[in-house]
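Hi there,

I am passing a structure on to you, as promised. Have a look at it first, and then read on for my notes.

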Amino acid sequence: MLCLWVLFVCAGPVGAYSFQTPGEVPPVQFRKMQVASESFESAGVFDVNDDGHLDIVSGAFWYGGPDFRDRHYIRDVDNVGEYWDEFATIPMDVNGDGHTDYVTGGWFGKNIKWHQNPGEATEWKEHIIDETGNVETIRSWDVDGDGYREIVPNNPNDPLKFYTLNRDDGGEAVGTFKKVAVADRQDHGLGFGDINGDGRGDFIVSNGWLEAPVEPESGKWIRHEEFSLGDASIPILVVDVNADGRNDLIVGQAHSYGLDWYEQEVKKTGERAWVRHPIDPHNSQFHTMEWVDIDGDGRNELVTGKRYRAHNGNDPGGDDPVGLYYYKWNGEAFVKNTISYGPLGEGKGAGIYFEVVDLGKDGWKDIVVAGKDGLYVFFNEGNRY
């Protein structure tokens, strides 16, 4: 089916109220494959057993590539009600032994930890990094600009901080982390990127942004309360949407309706203002998202969707159909393309942490996504027109 028509014809519920411009890159097609019916909400991708194939790690198991049919036990994950207390899967060789481990954490355990890849078929050992408070989820960014990623948990109502992996004089990781305080409080929602164009990455929280000092680990981060983003997504994306030289924000409402981008404007006085533009007001629970080139045209698209039963069906829109989408900027608005949409069993949501990566090494980025609605791969089959 050619999806080059008015937006609502090929994209389910109307998103950006835009037309696909003739001559633009056509939408890509995806082949959906269920990997498991497990209800873990996070999935990471890395080569677990060093065989040259990417594997999927989600919850208590990892699934061997390239077909992801063989399931291998990692360790038990604590269960509380509908939740599995594992809200991120961040690949990282923490102890420098050449095997990729991963960092995770949970709301109920109130800590972040890493699980050690044993390099063989045995249970993975757990190492607590810190008792952080409730962990909504975790992301990793190179905060201090040294070429290595830091671990940054979103801890609503607790201090904002990041964790730097300690390294020896040769640059090898040694299995421990240093905690760096940023601010005395954060809420729901977290992003990272250069807001003021000074070349340093700033933190974005739901009620403003924290300007990075010259020395991120020792200097004072300055808070600018310039907006209020509600129950914001993790991440809040920092991208120059309209190519005007200033970074903007893309933010979803994690526990209600709405997906928007906030245009950054700087007045002659130097005062900064943020203009809100709706992307998709008709869907709810946009808890996570990625900014990545999904159609191979060299420009990034917004990939996101609904976190199924984020609050066990108690969020606004909790009973609405489930969807996974990518939104393409056409120079004026975001055009919505549906990857999966429908009732449970037909549609698929975005979970709380997902990966977009070229699994088959064919040049097209695939989507690996977990959730209370199962673990799936959406294989990107490119533009078949």
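Below is what turned up on core packing and aromatic rings. Please keep in mind that this is a predicted model.

Let me begin with the cores. The largest nonpolar core has 19 residues, and Val103, Ile151 and Phe177 have the most contacts inside it. At least two residues of this core come from each of strand S8 (90–92), strand S10 (111–116), strand S14 (160–167) and strand S15 (173–183). Leaving aside residues up to four places away in sequence, Val103 touches Ile151 along with Ala88, Thr89, Ile90, Met92, Val94, Lys113, Trp114 and Ile129. There is also a second, separate core of 18 residues, with Ala43, Tyr63, Phe68 and Val368 among them.

Now to the rings, where the count comes to 18 aromatic pairs. In one of them, Phe46 and Tyr102 have ring centres 6.5 Å apart and planes at 40°, so this pair is tilted. Phe46 belongs to strand S2 (residues 44–46) and Tyr102 to strand S9 (residues 101–106), so the pair links parts of the chain 56 residues apart. Both Phe46 and Tyr102 are buried.

Trp141 and Phe192 form a stacked pair, because their ring centres are 5.7 Å apart and their planes lie at 25°. Here strand S12 (residues 137–141) holds Trp141 and strand S16 (residues 191–193) holds Phe192, 51 residues apart.

Finally, two charges over rings: the charged end of Arg71 sits 4.1 Å from the centre of the Phe61 ring, while Lys372 lies over the face of Tyr83, 3.9 Å from the ring centre.

Best wishes

Conventions. Residues numbered from 1 in each chain as written. Predicted model: local features only at pLDDT ≥ 70, side-chain atom pairs only at ≥ 80, totals over all residues. Heavy atoms only, no water. Core = buried A, V, L, I, M, F, W, Y, C linked by side-chain atoms within 4.5 Å. Buried < 20%, exposed > 50% of the residue type's maximum accessible area, 1.4 Å probe, protein only. Helix = DSSP H or I, 4+ residues; strand = E, 2+ residues; numbered from the N terminus. Contact = heavy atoms within 4.5 Å. Phe/Tyr/Trp six-rings, centres within 6.5 Å; stacked < 30°, edge-to-face > 60°. Lys NZ or Arg CZ within 6 Å of the ring centre and 35° of its normal.
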